[in-house]
Amino acid sequence: MSSVSNKDIALSIIGFLKESVANKTIAEDFVESMDVAIDCIADAFEVNKDDDKSAIDSKFGGKSLPELIKASSGSSASTGTTSTDTKPSDIVVDETTKEKADQLKLEGNRLMGAKDYAAAIAKYTEAIGLDPTNVVYLSNRAAAYSSAQKHAQAIEDAEKAIKLNPSFSRAYSRLGLAQYALGNPKEAMEAYKKGLEVEGDNQSEGMKKGYETAKKRVEQELENSISTSGDSGESGSRSAPGGGGGGGAGAGAGAGGMPDFSSMFGGAGGDGGMFANLMNNPQMMQAAQSMMSNPGAMQEMLNNPAIRQMAQSLGLGGPDGPDLSNLMNNPMLNQFMGGRGNNGNSEGGNNES
């Protein structure tokens, strides 16, 4: 049997369709559709639909398409192989078909220049159908897919191209670009690195730039990961201030179960807190001292719902409201109010550094 071309295969399919119509294995309603299909196949592969019998006799030993498939299935079963073992590189494409496929590629290139990516993909697909052995068609379609933001399909084509010809460096560039676009900088870096290895001493600027860009992104993600881990550690230490296992509900509390107001009042030796100006205001200090000397007025103020809610939000007392005696005896608050209260505790506050 001489070498078989795509045209011979097309004529074999036409013969099978004609036989199906003649044997009435196709319903009458679909006969006209089968005739259209035969004409379309003949036009696509530029063959005469009446040459099917001569092609079957000369190229396939007179065996019809079903007979060839059965024979192939039997041979695969006996040898333990499958029909999927056939590689594109094993297919023989005649020169006429190659020329037509190359013309389709050129049309695809022109459409890429016009940014009509969908049409370009269609042309490259036609070219691949005619000549699946040409790695350039797969590579070009991968580029078209990426331009159309269909990066997953671009990866598939690039990987097919690499499998077909591992020495075709441009396929690694297509793969790197698509992986990077999908947010896979590590895979992109590996693809570009392999491409640089394939290019050897003649490394292209595009491949080198792609590698450096992907590498930089990988390093940035690593730095961000380390930084995030460090922030989590600091947050955890801040959540339990006071050290020495002093966390919990009472952590950071001052005398009388109240929060430590040292930071609010400027702290020990601090530069001033949120009440610093109030302490230096004579009128405010006089009003505060008057209130501390009159527990009744203090209690009346605390009966105000808004004041009570504010005090509770600051941790001054439990669910029933602030404890007046604790407020009167708190060293920090007492100091702010002018020294009224238990002076024995006014100098020994729990200042935690």
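Helices α8 and α9 are roughly antiparallel to each other, because the angle between them is over 145 degrees, the cut-off for that term. That is my starting point. The angle itself is about 155°, and the axes of α8 (residues 151-164) and α9 (residues 169-181) are 8 Å apart. Axes here are lines fitted to C-alpha atoms over the stretch in contact, and angles run from 0 to 180 degrees between N-to-C directions. On the α8 side, the contact is made by H151, A154, I155, A158, E159, A161 and I162. On the α9 side, the residues are A171, Y172, R174, L175, A178, Q179 and A181. Contact means heavy atoms within 4.5 Å.

A word on the source. This is a predicted model, where local features need pLDDT of at least 70 and side-chain atom pairs count only at pLDDT 80 or more, while totals for chains, interfaces and linings use all residues. Residues are numbered from 1 along each chain as its sequence is written, and side-chain values use heavy atoms, with hydrogens and water left out.

Now the whole chain. It has 17 helices and zero strands; helices are DSSP runs (H or I) of at least four residues, strands are E runs of at least two, and both are numbered from the N terminus. Of the 353 residues, 29% are buried, meaning under 20% relative accessible area with a 1.4 Å probe, protein chains only. Among contacts with a separation of 6 or more, 56% join residues 24 or more positions apart.

Next, the annotation. Residues 135-168 are 79% helix and 0% strand, with end C-alpha atoms 8 Å apart. For residues 169-202 the figures are 82% helix and 0% strand, and the end C-alpha atoms lie 11 Å apart.

Where is P185? It lies in helix α10, residues 185-199. P185 counts as buried because its relative accessible area is 7%. Not counting residues up to four places away in sequence, P185 touches Y180, A214, R217, V218 and E221. P185 and K215 are 30 residues apart in sequence, and their C-alpha atoms are 7.2 Å apart in space.

The other residue is T97, in helix α5, residues 95-113. Is T97 buried or exposed? It counts as buried, because its relative accessibility is 6%. Leaving aside neighbours within four places in sequence, T97 is in contact with N6 and L130.

Conventions:
Buried means under 20% relative accessible area, exposed over 50%, partly exposed in between (1.4 Å probe, protein chains only). Angles under 35 degrees count as roughly parallel, over 145 as roughly antiparallel, 65 to 115 as roughly perpendicular and the rest as oblique.
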